[in-house]
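Take a look at the model below.

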Amino acid sequence: MIKVYSHENIVQVHHIKNLLESNGIECAIKNEAISSLAGEVPMTECWPQIWLTDDNETQRSLDLIFNYQEQVQNNENWACTSCKENIESEFDICWNCGGSR
C-alpha cells in the first residue's frame with residue numbers, strides 16, 4: 001500500500017477517495033479517528049490519509065488528484081441562477097435548490 005493523499009479536512013479526504021473510486025481505483029482511509037493524538041505527534045501525521053490498495057495505480061491516482069486540485073484552483077465560486085445562493089467552485093449543482101451551474 002502507498003499513501004497518495006492527506007488533508008486536515010476529513011470531508012475533503014472522502015471527496016478525493018470518491019474521486020479515485022469512481023475511476024476504478026481501490027483505496028482506503030487511514031488515521032480517520034486519531035486527531036486526539038495531535039500534540040503528541042506532529043499534527044500533519046494525524047491527518048486522515050488515503051492509501052492505495054494497488055501500488056500500480058499510484059501515478060494515475062496522483063494525476064487525478066492533481067487535475068482535480070487544478071480545476072478547483074482555476075474556478076471561481078458561482079451564484080445559482082435559480083436561488084442566487086453562492087456555491088463553491090468545485091460543485092456543479094446548487095446545494096440549496098438543485099439548480100445547475
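## Ground rules

Helices (H or I, at least four residues) and strands (E, at least two) are DSSP runs, numbered from the N terminus. Just after helix 1, Gly 24 takes a positive phi of about 80°.

This is a predicted model: local features need pLDDT of at least 70, side-chain atom pairs count only at pLDDT 80 or more, and totals for chains, interfaces and linings use all residues. Residues are numbered from 1 along each chain as its sequence is written, and side-chain values use heavy atoms, with hydrogens and water left out.

## The nonpolar core

Two terms come first. Buried means under 20% relative accessible area, exposed over 50%, and partly exposed in between (1.4 Å probe, protein chains only). A nonpolar core is a set of buried Ala, Val, Leu, Ile, Met, Phe, Trp, Tyr and Cys residues joined through side-chain atoms within 4.5 Å.

The largest nonpolar core has 13 residues. Val 4, Tyr 5, Ile 16, Leu 20, Ile 50, Leu 52 and Ile 65 touch the most other members. At least two core residues come from each of strand 1 (2-6), helix 1 (10-22), strand 2 (27-30), strand 3 (49-52) and helix 2 (58-74).

## Helix 1

Which residues of helix 1 are buried? They are Gln 12, Val 13, Ile 16, Lys 17 and Leu 20. An α-helix has 3.6 residues a turn, so residues three or four places apart point the same way.

The buried residues of helix 1 pack against strand 1, strand 2, strand 3 and helix 2. The face turned away from the buried side carries the exposed residues Val 11 and Ser 22.

## Thr 58

Thr 58 is found in helix 2. Thr 58 is buried, with a relative accessible area of 17%. Leaving aside neighbours within four places in sequence, Thr 58 is in contact (heavy atoms within 4.5 Å) with Ile 2, Val 4 and Leu 52.

## Cysteines

How many disulfides does a search of the whole structure find? The count is 0. A disulfide here is a pair of cysteine sulfur atoms within 2.5 Å. The sulfur of Cys 94 is 3.6 Å from the closest cysteine sulfur, in Cys 83, which is too far for a bond.

Cys 94 counts as buried, at 3% relative accessibility. Cys 27 also counts as buried, at 10%.
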